[in-house]
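Welcome! Here is a short briefing to read alongside the sequence and the 3D view.

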Amino acid sequence: MAKFRSFFIAILVCVIVYNHIQVEAKMSKNMVLFWGNSQSKIEGDDLRLVLDKSTGSGAKSKRNFLFGSFEALIKLVPGDSAGLVTAFYLSSSGTYHDEIDYEFLGNATGEPYTIHTNIFVEGVGHREQQFRLWFDPTADFHNYTIHWNPSTVVWYIDSIPIRVFRNYEKLERRKAYPNKKGMRFYTSLWNADDWATQGGRVKTNWNNAPFTATIRQFRPRACHWIGELSNTQCATKSSQNWWTSPDHSQLTVRQLAKLGQVRKKYMIYDYCRDPARKRPNGRMPPECYRLQY
């Protein structure tokens, strides 16, 4: 009996350790194309997404995750990118899905991209914040990261935080935070000229097609989702679950200063500051009244 108990514990430990493997393999090992343009391809650690008038393209991770850090180097479509959207996001499946978004909205030549961020819980989004970039995202690769743990979601660009969404689920007594569903990582390039650029007033110039965006060195340093058991395993505070440490639950003074600067200079829309926005029951979302960072 003692031998059996020891064997069971050893197996359980192996399962937990396995679920926390840091994925450092090349993109070709942990991503797969799942729809779209035949010109799109994954080679080694690079993913090329292509859009022409016939179709866009997309790729997804081979595994689901619950909590961790998801980063990639991205070089966006250059020149006149009006009407185009390059997306980098996490999403669960089903109608009542959870989702954490980065969407890069193209623009006419010489005008800046718009960074569109959003978060969905149980299929409900409408939590948009938008930013202008302080650099040309088409000239070189830049690091875009989503950090997600049981208490906080943080969006980073080149290690600079631009947005924070905190977990107030216990205070609000409702499902208000994505923490119970495993999510895959997705990236895609598609046409959305009915809304993406100036509310759809500027359309895609198909004379410039095909359009190409490149994603490089996708790294999910995260907890593998294996079902409901992961809700406990991935959220437990431990040295293996590095994302649950106090250091990752609160921004540093320096990070807060950078966050404040970005939001002051470059944020162009915040759902919490939109009095004209149509809202369920006509009420401001509860998190808008609480400190986010």
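A residue is called buried when its relative accessible area is under 20%, exposed when it is over 50%, and partly exposed in between (1.4 Å probe, protein chains only). Please keep in mind that this is a predicted model, where local features need pLDDT of at least 70, side-chain atom pairs count only at pLDDT 80 or more, and totals for chains, interfaces and linings use all residues. Residues are numbered from 1 along each chain as its sequence is written, and side-chain values use heavy atoms, with hydrogens and water left out.

**The sheet**

- Helices (H or I, at least four residues) and strands (E, at least two) are DSSP runs, numbered from the N terminus, and two strands pair if DSSP finds at least two bridges between them.
- Eight strands make up an open, antiparallel sheet, in the order β1-β4-β13-β6-β7-β8-β9-β15.
- At its edges are β1 (31-36) and β15 (267-270), each of which pairs on one side only.
- On average, neighbouring strands of this sheet are turned by 15° against each other, direction ignored; the axes are lines fitted to C-alpha atoms, for helices over the stretch in contact, and angles run from 0 to 180 degrees between N-to-C directions.
- Seven bridges join β7 (residues 99-105) and β8 (residues 114-120) in the antiparallel sense, and Leu105 has Thr114 of β8 as its bridge partner.

**The nonpolar cores**

- A nonpolar core is a set of buried Ala, Val, Leu, Ile, Met, Phe, Trp, Tyr and Cys residues joined through side-chain atoms within 4.5 Å.
- The largest such core has 51 residues, and those with the most contacts inside it are Ile100, Tyr102, Phe104, Trp148, Val153 and Trp155.
- A second, separate core has five residues, including Val154, Val164, Leu251 and Leu259.
- Contact means heavy atoms within 4.5 Å; not counting residues up to four places away in sequence, Phe104 touches a set of residues that includes Ile74, Leu76, Phe88 and Tyr144.

**Helix α5**

- Helix α5 (residues 253-266) has 14 residues and spans 20 Å from its first C-alpha to its last, close to the 20 Å expected at 1.5 Å a residue, where the expected span is 1.5 Å times one less than the number of residues.
- Its buried residues are Leu259, Val262 and Arg263.
- These buried residues line one face of α5, because they fall within an arc of 95° seen down its axis; the arc is that of the directions from the helix axis to the C-beta atoms.
- They pack against β9 (129-132), β12 (160-166) and β15.
- On the other side of α5, the exposed residues are Val253, Arg254, Lys264 and Lys265.

**Backbone details worth a look**

- Most residues other than glycine have a negative phi, and most peptide bonds are trans.
- Phe67, in strand β5 (residues 65-75), has a positive phi near 75° and is buried at 1% relative accessible area.
- Asp158, in the loop between β11 (152-157) and β12, has a positive phi of about 50° and is partly exposed at 32% relative accessibility.
- Ala209 and Pro210 are joined by a cis peptide bond with omega about 0°, and Pro210 lies in the loop between β13 (184-191) and β14 (211-224).

**A look at Tyr96**

- Tyr96 sits in the loop between β6 (84-91) and β7 and is exposed, with a relative accessible area of 57%.
- Leaving aside neighbours within four places in sequence, Tyr96 is in contact with Glu122, Gly123 and Lys181.
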